[in-house]
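Here is a protein model to walk through, one piece at a time. Keep the picture open while you read, and try to find each residue as it comes up.

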Amino acid sequence: MTRQRLSREQSREQTRERLLEAAHAVFMQKGFALASVEDISTAAGYSRGAFYSNFDDKTQLFFELLRREGESIDRGFQRILEAPMTDAAVLEDELAAQYSRLYRDDKCSLLWMEARIVALRDEKFRAQLDGFLEERYRQITGFVEAYGQLTGTTLSAPPREIAIGLMALCEGVSFSYRCVPHIVDGKTAESVLSWFLKASIAVPPAPAPAPTKPVGRNRAS
């Protein structure tokens, strides 16, 4: 069989994908600060020139990994919120189930921790992280607001605060699950995440009818 030759654009995309995969592995092994462009290029099987043809530096590549992970997560919630809704409680359960699995499926939770540590020591990196976080909070806030509008629910806190809490808790639970799984196992992680999301966006129960005051029997004078 004749092997189909890749177009220039396909070849470039393949190189970019291999660099991203290699960078993820290198960052996980060495950390952002110790990882070099040379390390990433070698792991991907390319030269430094190939790296710089696709990325300005390792910081840009690092944030591209986080961006892709965020977009993948967003697509899952978008599908749920855009599907026809028949019952608000069912929608709440679906969102909670999706959120409670993130600790397991999120491949970049340790990179998020790495990013925060680097930001504490590197002002330029921190400025980029701040901008990136604002985009993430804005996206998640939009999902929270969409849920409130779909269900007519009065949320337990401002949507942005819920978004910040959801993201922070997921990062923390994911990190704990990987570092101390004997304490925060899968069942515990899912329970914590599901409970928090439901507590934040729970559909309020219908108000109970006001009790009727019993009418006393008139006594004969």
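## A charged residue on the inside

Let's start with Arg-136, which touches Gly-70, Asp-74, Trp-112 and Met-167, if you skip residues up to four places away in sequence. You'll find Arg-136 in helix α8. One thing to know before going on: this is a predicted model.

Is Arg-136 buried or exposed? Its relative accessibility is 11%, so Arg-136 counts as buried, because the cut-off for buried is under 20%.

Now look for Glu-71, which sits in helix α4. Along the chain, Glu-71 and Arg-136 are 65 residues apart, and their C-alpha atoms are separated by 9.4 Å. Glu-71 has a relative accessibility of 34%, so it counts as partly exposed.

## The overall layout

Time to zoom out. The protein chain has 10 helices and zero strands. Read from the N terminus on, its elements simply go α-α-α-α-α-α-α-α-α-α.

The chain holds 221 residues, and buried ones make up 38% of them. What about contacts between residues at least 6 apart in sequence? Of these, 67% join residues at least 24 apart.

## The nonpolar core

In soluble globular proteins, nonpolar side chains tend to be buried together. In this model, the largest nonpolar core has 55 residues. Which members touch the most others? They are Phe-27, Leu-61 and Leu-95.

Take Leu-61 as a case to trace on screen. Leaving out its neighbours within four places in sequence, Leu-61 is in contact with Leu-19, Leu-20, Ala-23, Phe-27, Ile-40, Phe-51 and Phe-55.

Rolling a probe the size of a water molecule over the atoms shows where empty space is left. How many cavities of 30 Å³ or more turn up in the whole structure? The search finds one, and the space in the largest cavity is about 360 Å³. It is lined by 23 residues, and the closest to its centre are Ile-73, Phe-77, Tyr-99, Leu-102 and Ile-140.

Helix α4 gives the most, with seven. Sorted by class, the cavity lining has 17 nonpolar residues, one polar residue and five charged ones.

Next comes the largest pocket, with about 450 Å³ of space. Its lining has 19 residues, and Arg-68, Glu-69, Ser-72, Lys-107 and Cys-108 are the closest to its centre. The elements giving two or more residues to this lining are α1 (8-30), α4 and α6 (102-105).

Which helix gives the most to the pocket lining? That's α4, with nine residues. By class, the pocket lining splits into six nonpolar, four polar and nine charged residues.

Ser-41 lies in helix α2, residues 37-44. Its relative accessibility is 1%, so Ser-41 counts as buried. Away from its neighbours within four places in sequence, Ser-41 is in contact with Leu-19, Tyr-46, Ser-47, Arg-48 and Phe-51.

Thr-154 is in the loop between α8 and α9. With a relative accessible area of 70%, Thr-154 is exposed, because exposed means over 50%. Thr-154 and Ala-202 are 48 residues apart in sequence, while their C-alpha atoms are 8.8 Å apart in space.

## The cysteines

How many disulfides does a search of the whole structure find? It finds zero. Two cysteines to look up are Cys-170, which is buried at a relative accessible area of 7%, and Cys-179, which is partly exposed at 43%.

Key. Residues are numbered from 1 along each chain as its sequence is written. This is a predicted model: local features need pLDDT of at least 70, side-chain atom pairs count only at pLDDT 80 or more; totals for chains, interfaces and linings use all residues. Side-chain values use heavy atoms; hydrogens and water are left out. A disulfide is a pair of cysteine sulfur atoms within 2.5 Å. Buried means under 20% relative accessible area, exposed over 50%, partly exposed in between (1.4 Å probe, protein chains only). A nonpolar core is a set of buried Ala, Val, Leu, Ile, Met, Phe, Trp, Tyr and Cys residues joined through side-chain atoms within 4.5 Å. Contact means heavy atoms within 4.5 Å. On a 1 Å grid over the protein atoms alone, a cavity is a set of points where a 1.4 Å probe fits but cannot get out, and a pocket is an open set with protein on both sides within 12 Å along at least five of seven lines; lining residues have an atom within 4 Å of a point. Grid points are joined across faces, edges and corners, and a volume is the space filled by probe spheres set on the points. Helices (H or I, at least four residues) and strands (E, at least two) are DSSP runs, numbered from the N terminus. Ala, Val, Leu, Ile, Met, Phe, Trp, Tyr, Cys and Pro count as nonpolar, Asp, Glu, Lys and Arg as charged, and the others, Gly among them, as polar.
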